[in-house]
Amino acid sequence: MASSVKPFDGTNPVLGELDAKSAAALLAVAGDIALVMDAAGVIRDVTLVSGGDSQFDAATQWVGRPWNETVTSESRGKIDTLVKEAAHQGISKRRQVNHVLGDVSEVPIAYTTIKLGREGGLVAVGRDMRHVSALQQRLVEAQQAMERDYWRLRHVETRYRLLFQLASDGILVLDAANLKVLDANSAAGQIFGEPADRLLGKTFPFGMDAATSRQLDDLLSSARSAGRAGEVTMPLLGGRNYHASASCFRQESSTLMLLRFSPADASVAEATGASSPSRLLDLLERSPDAFVVTDLDGDILTANRAFLDIAELASEEQVRGTPLATYIGRPGADFGVFTGMLRRNGVVRLMATTARGTHGHQSEVEVSAVWAPEGEEPCIGFTIRDIGRRLASGPQGARDLTRAVEELTSLVGRVSLRDLVRDTVDLVERHFIEAALELTHDNRTSAAEVLGVSRQSLYVKLRRHRLVTPGADRDDDVSR
């Protein structure tokens with residue numbers, strides 16, 4: 001069925017001759033605020049929706065001011081576009097701008113501008129977008145929380161896999177319903193004479209005589225009924241005796257069983273276990289990520305081959321005893337941040353910084369650290385990963401900064417070069433201050449060290465960019 005709705009042409013006699021102020025009051029019902037302006041974009045009247053946010057009461061002070069002087073510098077280009085579109089087309093597209101209202105730094109409002117009358121009067125109808133921004137912020141926070149949970153699970157899984165594969169005892173994970181092998185470590189593969197991956201999917205028991213199979217069946221039955229079964233000694237491959245134990249656990253809606261086989265012969269156990277530390281050290285030495293151990297003062301005790309590549313040195317003796325800050329981070333600053341975070345949290349995860357080689361090569365790296373402050377030899381372990389290729393595609397923060405600078409570039413020709421340079425410097429400075437605060441978990445002393453400025457200078461910049469409430473810096477000084 002064809003629609004019978006016709007576009008409004010302003011000639012309906014029922015509405016009469018509607019002036020700009022009355023039109024603004026009518027249109028404000030569709031939004032939260034309406035601005036009545038002349039053709040030059042100077043505000044002549046402000047109409048607010050009754051029962052709206054009392055914060056908008058300060059908008060009445062805009063009367064007599066150009067519209068583009070009531071918004072932030074980044075939004076002035078959008079205001080000019082709204083006025084031009086309404087002047088030429090009668091109505092503009094909706095665009096979001098950021099107003100400065102009272103003590104609040106930015107209030108997002110989405111405007112549509114309408115031309116009224118022949119003399120070119122304008123009415124801008126705005127809707128408060130703070131609730132949308134709040135929802136977007138919550139969405140971003142939820143996504144970041146999911147990302148943190150994802151990486152936390154990845155780290156847990158990595159630790160599980162490392163411990164699982166380095167264990168000297170043979171371990172099998174079975175589906176309790178059909179006794180099929182779901183997981184097996186390399187020690188289990190050695191016990192049963194096959195690579196661990198070939199054991200997956202097989203039905204247990206296998207590779208043993210009938211008497212041993214009956215012992216295992218009894219062991220598994222006890223584990224099903226009691227949840228755990230004690231050790232039973234039985235002969236396996238090659239006639240060697242092993243202690244076997246079993247336990248049940250739930251995973252989602254399934255019941256799984258964990259079987260552990262440890263050598264009953266002491267000589268076999270020693271031969272098997274002796275290789276574990278050396279195997280771990282061998283894995284760390286051949287790791288593609290740099291690994292370095294320092295004392296609590298930051299002097300290097302040992303390092304693997306990947307760290308020597310970053311330092312552009314040939315042997316471990318060349319780096320032993322030298323400060324880690326010579327190669328990682330800003331000298332005299334970043335190591336203090338590392339130790340401060342280690343004292344508070346016990347670990348440092350994925351801190352972005354710079355690595356330097358002795359021949360001048362620099363690269364972007366992520367550093368994770370853990371420390372052992374107690375014991376005979378207190379030390380700190382650092383894992384360093386080169387992320388230069390990852391950064392080549394451009395991180396989100398860099399894209400956001402680039403996008404903001406591009407918006408300022410659109411103002412060329414409408415704003416003086418001095419104002420453009422000032423706004424750009426302020427934008428970049430605010431971006432890096434926020435990044436430093438996020439990196440140091442809002443620790444302003446550490447943030448000042450990372451940025452290479454004094455704490456007092458950082459407080460001045462925080463107040464200028466409205467990143468701190470008045471008096472918070474004084475309270476912070478008192479608490480320190």
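Hello everyone, let's begin with the overall picture: the chain has 15 helices and 15 strands. Helices here are DSSP runs of H or I with at least four residues, strands are DSSP runs of E with at least two, and both are numbered from the N terminus. Please keep in mind that this is a predicted model, in which local features need pLDDT of at least 70 and side-chain atom pairs count only at pLDDT 80 or more, while totals for chains, interfaces and linings use all residues. Residues are numbered from 1 along each chain as its sequence is written, and side-chain values use heavy atoms, with hydrogens and water left out.

Some totals next. The chain has 480 residues, and 36% of them are buried. Buried means under 20% relative accessible area, exposed means over 50%, and partly exposed lies in between, with a 1.4 Å probe and protein chains only. The accessible surface comes to about 28,100 Å², and carbon and sulfur atoms hold 53% of it. Those areas come from the Shrake-Rupley method with a 1.4 Å probe, and for residues only the protein chains shown count as cover. As for contacts (heavy atoms within 4.5 Å), take those between residues at least 6 apart in sequence: 42% of them join residues at least 24 apart.

Now to the strands. Please find strand E9, residues 241-251, which pairs with strand E8, residues 228-235, in the antiparallel sense over six bridges. Two strands count as paired if DSSP finds at least two bridges between them. E9 also pairs with strand E10, residues 254-263, again antiparallel, over 10 bridges.

Strand E6, residues 170-175, and strand E7, residues 181-184, pair in the antiparallel sense over three bridges. Leu-172 stands opposite Ala-184 in E7. This hairpin has five residues between its strands, and Leu-179 in the turn has a positive phi of about 60°.

Let's move to helix H12, residues 417-439, where we find Glu-429. Is Glu-429 buried or exposed? It is buried, because its relative accessible area is 19%. What does Glu-429 touch, leaving aside its neighbours within four places in sequence? Its contacts are Lys-461, Arg-464 and His-465. With Arg-464, the side chain of Glu-429 makes a polar contact of 2.5 Å. A polar contact is a pair of N or O atoms within 3.5 Å; within protein, one must be able to donate a hydrogen and the other to accept it, and residues adjacent in sequence count only if both atoms are side-chain atoms.

Glu-429 also belongs to a network of salt bridges that links Asp-426, Glu-429, Lys-461 and Arg-464. A salt bridge is a side-chain nitrogen of Lys or Arg within 4 Å of a carboxyl oxygen of Asp or Glu. How many salt bridges are there in the whole structure? The search finds 12. Elsewhere, Asp-128 and Arg-130 form a salt bridge at 2.7 Å, N to O. In that pair, Asp-128 is buried at 11% relative accessibility, whereas Arg-130 is partly exposed at 24%.

Helix H13, residues 444-451, has as its buried residues Arg-444, Ser-446, Ala-447, Ala-448 and Val-450. At the start of H13, a side-chain oxygen of Asn-443 comes within 3.2 Å of the backbone nitrogen of Thr-445. After H13 comes Gly-452, with a positive phi near 75°.

My last stop is on the surface. Leu-162, Leu-280, Leu-281, Leu-283 and Leu-284 form a nonpolar patch with about 420 Å² of accessible area together. Patches are made of residues with over 30% relative accessible area and no salt bridge, joining like charges within 9 Å and nonpolar side chains (Val, Leu, Ile, Met, Phe, Trp, Tyr) within 5 Å. Helix H7, residues 266-285, gives the largest share of this patch, four residues. Leu-281 is in H7, and it counts as exposed because its relative accessibility is 59%.
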